[in-house]
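Have a look at the model first.

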Amino acid sequence: MWEYLSDSYNWSGPEGIWARILQHLWYTFAALGLSTLIALPIGLRIGHTRRGAFLAINLGNAARALPSLGLLMLAVLLTDQIGFLPVLIALVALGIPPILASTYAGLSGVDPATIDAARGMGMTGREILTKVEIPIAMPLIISGVRGATLQIVSTATIAALVSLGGLGRYVVDGLKLRDFPQMFTGALLVALLAIALDLLFAVLGRVAVSDGLKVD
Amino acid sequence: MTWIGDNLGLIWEQLREHLYLAILPVILGLLISVPLGYVATRFSWLANPLIAFGGVLYSLPSIALFIVLPAILGTKVLSTVNIVVALTIYTVSLLIRNVIDGLRSVPAEVRQSAVAVGYGSLHRLVAIDLPIAVPVIFAGLRVVTVANISMVSVGAVIGIGGLGELFTLGFQKDFLTPVVVGVALSLLLALVADLILVGLQRVLTPWARVIHTPPVEVA
């Protein structure tokens, strides 16, 4: 494995390690962005109006049971194409539930007395949402996005099964060629990427949390 | 539909393998987490590092673990042992937090009463502490069981994946039925396993049911 990693030839070029990492990140962030774009407004709406909570809670639980590989194959066969679209569909389907569930949980955890106080000060519904509920819910919202990221970054590995690139290429190609060092390289890089992104969100979590919540 | 009829044997075989690969790690994980969690409550400085380490382990992608483990364990890459060990690691890394939280949820006065009437530490663990910790431990057990059932499928990428093999089969043959059957059975398995755990928890905590009975109306 070290031989593979220490050979600079393997790092550069359109099929090099850097290119694969960038592809992997592109799939991850495209899916994460789209999941957030879909799940965040719905989660905010359910949390703010407190209607549809049943959906938010149960969707979060049921989604844990979804087999990601089956989802990808289903997307491939249903869209009748191989490539970016089915991968995006499968990854977004994985990303939505954790973001939706934790956004709802964050908003529903806001003390009703706090919301009453905000209303008493003359805030409108929108102001309460953006200035009170979202800041207070922020730690949980971020942990939802963080959970979705972990799921997506590790599942993006299977994009290689449907002829895409990314770090999964090493796993899939290595398996075909019985080239185990190559497989280890891919697996290790995915794990490192997951840990790096997790750390990034841990830092983001600290920065994005309102100072008012840090007082014990 | 004829495909299902013609391949019942294969489907049954994969379902059994799937169940085995998902549930064995839950049992092994529980057997490891309980003593480990107990030690962590006796030596409390151990608890937080253990929980944090579990969090890091849980963030490792499953496919990465399936592949890297053989290098560490010396097993063959295509051995089921890798899947079982990988999922056991996930189970322990998640369950350890619940075991510690559960054992910590035992009220101090209950513990003192047990000591006062002569319970030894092992007897107290089995007869007092663990039963009280059951709800918290089971909350974790339900999460890992469902997660394991969905994660087994990923093993199909390296050729061992229970129902996951139906996914790769359908993909290779450009044929939807096996994929739908695989996803449906996987979801069903998760649902049934979850219901069994809920039932088991009710049996193990008969006192909890009393609290949920509606209050008697006084005329």
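α8(A) and α9(A) make a left-handed crossing (the near helix is turned anticlockwise from the far one by less than a right angle). This is a predicted model, where local features need pLDDT of at least 70, side-chain atom pairs count only at pLDDT 80 or more, and totals for chains, interfaces and linings use all residues. Residues are numbered from 1 along each chain as its sequence is written, with chains lettered from A and ligands numbered from 1 in the order in which they are written.

**The helix pair**
- The axes (lines fitted to C-alpha atoms over the stretch in contact) of α8 (residues 168–177) and α9 (residues 180–208) of chain A come within 7 Å and cross at roughly 160°.
- That makes α8(A) roughly antiparallel to α9(A) (the label for angles over 145 degrees).
- Residues in contact here (C-beta atoms, placed from the backbone, within 7 Å) include A:Tyr170 and A:Val171 in α8(A), and A:Phe180 and A:Met183 in α9(A).

**Where the chains meet**
- On chain A, 28 residues are in contact with 31 residues of chain B.
- α9(A) gives the most to that side of chain A, with 10 residues.

**Annotated domains**
- UniProt (unreviewed entry) puts "domain: ABC transmembrane type-1" at residues 21–201 of chain A; this span is 82% helix and 0% strand, its end C-alpha atoms 18 Å apart.
- For chain B, the UniProt record (unreviewed entry) lists that feature at residues 15–197, a stretch with 81% helix, 0% strand and end C-alpha atoms 19 Å apart.
- Helices are DSSP runs (H or I, at least four residues), as are strands (E, at least two).

Terms used
UniProt positions are given in the numbering used here, feature names are shortened, and annotations may be inferred rather than shown by experiment. Axes are lines fitted to C-alpha atoms, for helices over the stretch in contact, and angles run from 0 to 180 degrees between N-to-C directions. Angles under 35 degrees count as roughly parallel, over 145 as roughly antiparallel, 65 to 115 as roughly perpendicular and the rest as oblique. Two residues are in contact if their C-beta atoms, placed from the backbone, lie within 7 Å.
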